[in-house]
Amino acid sequence: MNAGMTQDAMEASTGEALIALLEKYDVDVVFGIPGVHTAELYRGLAGSKVRHVTPRHEQGAGFMADGYARVSGKPGVCLVITGPGLTNTITAMAQARADSVPMLVISGVGRRGSLGHGRGALHELPDQRAMMASFALFSHTLLSASDLPGVMARAFAILNSGRPGPVHIEIPVDVMQERVAALPARVSALPSHPHPGRGELEAAARLLSEARRPAIIVGGGAKRANDDVTALAERLDAPVVTTANARGLLAGHPLRVPASPSLKAVRAFLAECDAVLALGSEMGPTDFDVYEDGGFPALEGLVRVDIDAGQLARGPQAEMAILGDARATAVELCSALRAARIGGERSGRDMARRLRAAAFEEIGDAYRGEVAILDVIRETLPGALFVGDSTQPVYAGNLYCDIDTPAGWFNSATGFGALGYGVPAAIGAAIADPERPVVALLGDGGLQFSLAELGSAIDAGTPVILIVWNNFGFREIETFMIERGIAPEGVKPTPPDFDSVAKAYGLVFERPSKLSDLPASLRRARDSGRAALIELRMPFDM
């Protein structure tokens, strides 16, 4: 228990009660910047088991929580002040909403008597909760400290069931000063995920087993189901196309196809299949229509499995729509298929091999060069987590990259597409899994959105390896404008001297001049045990 609380929690401050409840929900780290409007919430923190990590900006807190959640599988938690602290966090929350990442943001808000009056109180917004409710899965104003256990129970129920995303609780500063009479001895059990019915499973198993040419598409909802998806794919002898958020599933397996469904080769293959199982993918345009050409084909025998009933009603029309957790459904489908006779003359491994080759050829010389650099990083740092900002090597990798570990590739270039994500998300990932190398892929433009978080990497003791593609501007946007006959403007922000910046913050710095020098730079960075910045100046000598 926290200092100042008895074993029975007879009485506690709101802050002490909050931290005690976070501990009960297995929260071991929070990200935030304290202020006078949240100081009371920190009262129970020093004597607890919960670690506090301080970013340089509240957007960084949100991105750290995002990276932590993606790697740990637990909700990332932020503590931020009312007004600007919360609005600074909104971009990170929107990214979490787009990519189905569980995030709990606990903010301050003005005194209860001031809410809605517009008298010009410090940090006041016209209606802070209404603003958050427009995109949070749940937003609540705690009007009495005694309601805290029930509100927290509801928040964690939402975070751990259905399609995840951001949840927001705001606590008025006068409520922070109240006392909580009692806390429950234990928190409520978390709800289970929905499971499909036997009839649905048998019908899906029959459709898939009778197909001559089946395929599987997996999305981020299945990224923790590697063994189960592998068993299902092997039973069907079906190639498995992994979207960006599922990249790394079936690592090294002959049935893997680590390529975007936006590629013509992948689309043509799927169009020729007579049954396609889509597990845990929203089948949205940032994966399935990157080029915005509307060319993703209608799929014969499409069976969609998603944890969100609303999502099943959006996107491609399916022959069967199954509401269920991707992992549980994969397990139960595999069981149902054991008794089924698999029809047709299948050659899934040959099809997957040909499709990998065709997809890799399609991405073109420039992107193949980017992927070659990613391959060197992967081979030098086996098992590394790749965390990406919106930058050229990430765009290339989202189209095609072979990652050697499940859930080993994620970035902000899908969904909301925020810049400034890479550094803080990598810090959060490294805190969640300190035993694995964490590599952040950054552009020189995007890095400058969160340059100050280099200091946070040092403060947090995270030995992240930050690789910046320095092409002296927003090259992707410049190219886009030129291709459309638009005179480029605003695409040449001057980068700093990254050597000097790294030294100022205490990071290891490397600037290899050619690809053959990169492995040595990576090994020195890893062996240093500290955060490191590796600059690759473009064009890079391959």
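**Close-up 1. Glu478 sits in helix α19, which covers residues 475–483.** Helices here are DSSP runs of H or I with at least four residues, numbered from the N terminus. This is a predicted model, in which local features need pLDDT of at least 70 and side-chain atom pairs count only at pLDDT 80 or more, while totals for chains, interfaces and linings use all residues. Residues are numbered from 1 along each chain as its sequence is written, and side-chain values use heavy atoms, leaving out hydrogens and water. Glu478 has 15% relative accessibility, so it counts as buried (under 20% relative accessible area; exposed is over 50% and partly exposed lies in between, with a 1.4 Å probe and protein chains only). Setting aside neighbours within four places in sequence, look for its contacts (heavy atoms within 4.5 Å) with Pro488, Val491 and Lys492.

**Close-up 2. Ala265 belongs to helix α9, residues 264–272.** With a relative accessibility of 17%, Ala265 counts as buried. Not counting residues up to four places away in sequence, Ala265 touches Leu355, Ala358, Ala359 and Glu362.

**Close-up 3. Helix α2 runs over residues 58–72.** Of its 15 residues, 14 are buried, so α2 is largely enclosed by the rest of the structure. The expected span of a helix is 1.5 Å times one less than its number of residues. For α2 that gives 21 Å, and the end C-alpha atoms are 21 Å apart, which agrees. Just after α2 comes Gly73, with a positive phi of about 85°.

Definitions and conventions:
Helix = DSSP H or I, 4+ residues; strand = E, 2+ residues; numbered from the N terminus.
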